[in-house]
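Q: Please pick one part of this model and take a close look at it. Then show me how the rest of the chain relates to that part.

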Amino acid sequence: SSWISWFLGIKGNEYLCRVPIDYIQETFNQMGLEDFTDILQVILNPVFDSSLDWVVGDEEKWYGMIHARFIMSERKALPVGPSDVWVKSNVKIFCPRCNDTQPDQRH
C-alpha cells in the first residue's frame, strides 16, 4: 500500500482525511510550504514498505501541512467533537464555507 494509506491507518489518525493525489501534486497548493522534494516522493509513491527505518521523518509534518490546507478549502467538511468528555455528544461536521456545524448524517 501507499505511504498515505499506511499513515491514515495509524491509531490516532482516524479523523484525518485522505488528501487527493492531484491536490497534493498541484504546485499552487504547495506554495509557502517547505520544499520537501524527497519527502513528497515518499508520500506519493504508490508502493510503501513501512518496515524501513527511514519511515519516521518529515513526511508526517508535510502531510499535516497539506492536510490543513485541504480541509480548510471550500470543498471539504471537517469532523469535530463538540465536547472533550467521552460519550457526552456525537461527532458533528464543521463546514468552513458556512462556518457552522451540523450533525453527522452517517451515524
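A: From the N terminus on, the elements run α-α-α-α-α-β-β-β. That makes five helices and three strands. Both are DSSP runs, numbered from the N terminus: helices are H or I with at least four residues, strands are E with at least two. The model is predicted, so local features need pLDDT of at least 70 and side-chain atom pairs count only at pLDDT 80 or more, while totals for chains, interfaces and linings use all residues. Residues are numbered from 1 along each chain as its sequence is written, and side-chain values use heavy atoms, with hydrogens and water left out.

The part to look at is helix 5, residues 59-71. First, some background on the whole protein. Of its 107 residues, 29% are buried. Buried means under 20% relative accessible area, exposed means over 50%, and partly exposed lies in between (1.4 Å probe, protein chains only). The protein exposes about 7,600 Å², and carbon and sulfur atoms supply 53% of that area. The area comes from the Shrake-Rupley method with a 1.4 Å probe. A contact means heavy atoms within 4.5 Å. Among contacts with a separation of 6 or more, 48% join residues 24 or more positions apart.

Now to helix 5 itself. Helix 5 has 13 residues. From its first C-alpha to its last, helix 5 reaches 18 Å, close to the 18 Å expected at 1.5 Å a residue. The expected span is 1.5 Å times one less than the number of residues. Its buried residues are Glu-59, Trp-62, Tyr-63, Ile-66, His-67, Phe-70 and Ile-71. Seen down the axis, these residues fall within an arc of 155 degrees, so they line one face of helix 5. The arc is taken from the directions from the helix axis to the C-beta atoms.

Start with Glu-59. This residue belongs to helix 5. Its relative accessibility is 5%, so Glu-59 counts as buried. Ile-39 lies 20 residues away in sequence, yet the two C-alpha atoms are 5.6 Å apart.

Next comes the core. The largest nonpolar core has 20 residues. Such a core is a set of buried Ala, Val, Leu, Ile, Met, Phe, Trp, Tyr and Cys residues joined through side-chain atoms within 4.5 Å. Those with the most contacts inside this core are Trp-3, Ile-4, Ile-24, Ile-43, Trp-62, Tyr-63 and Ile-66. Helix 1 (3-8), helix 2 (21-25), helix 4 (37-44) and helix 5 are the elements that give two or more residues to this core. Helix 5 gives the most, with five residues.

Leaving aside neighbours within four places in sequence, Ile-66 is in contact with Tyr-23, Ile-24, Asn-29, Gln-30 and Leu-33.

Aromatic rings come next. The whole structure holds six aromatic pairs. Rings of Phe, Tyr and Trp (its six-membered ring) pair if their centres lie within 6.5 Å; planes under 30 degrees apart are stacked, over 60 edge-to-face, and the rest tilted. Tyr-23 and Phe-70 have ring centres 5.0 Å apart and planes at 70 degrees, so this pair is edge-to-face. Tyr-23 lies in helix 2 and Phe-70 in helix 5, so the pair ties together parts 47 residues apart in sequence. Tyr-23 counts as buried because its relative accessibility is 9%. Phe-70 counts as buried at 5%. Tyr-63 also takes part in ring pairs: they link Trp-3, Trp-6, Phe-7, Phe-48 and Tyr-63 into a cluster.

Glu-34 sits in the loop between helix 3 (27-30) and helix 4. Its relative accessibility is 44%, so Glu-34 counts as partly exposed. Beyond neighbours within four places in sequence, Glu-34 is in contact with Lys-61 and Trp-62. Glu-34 and Met-65 are 31 residues apart in sequence, and their C-alpha atoms are 9.7 Å apart.
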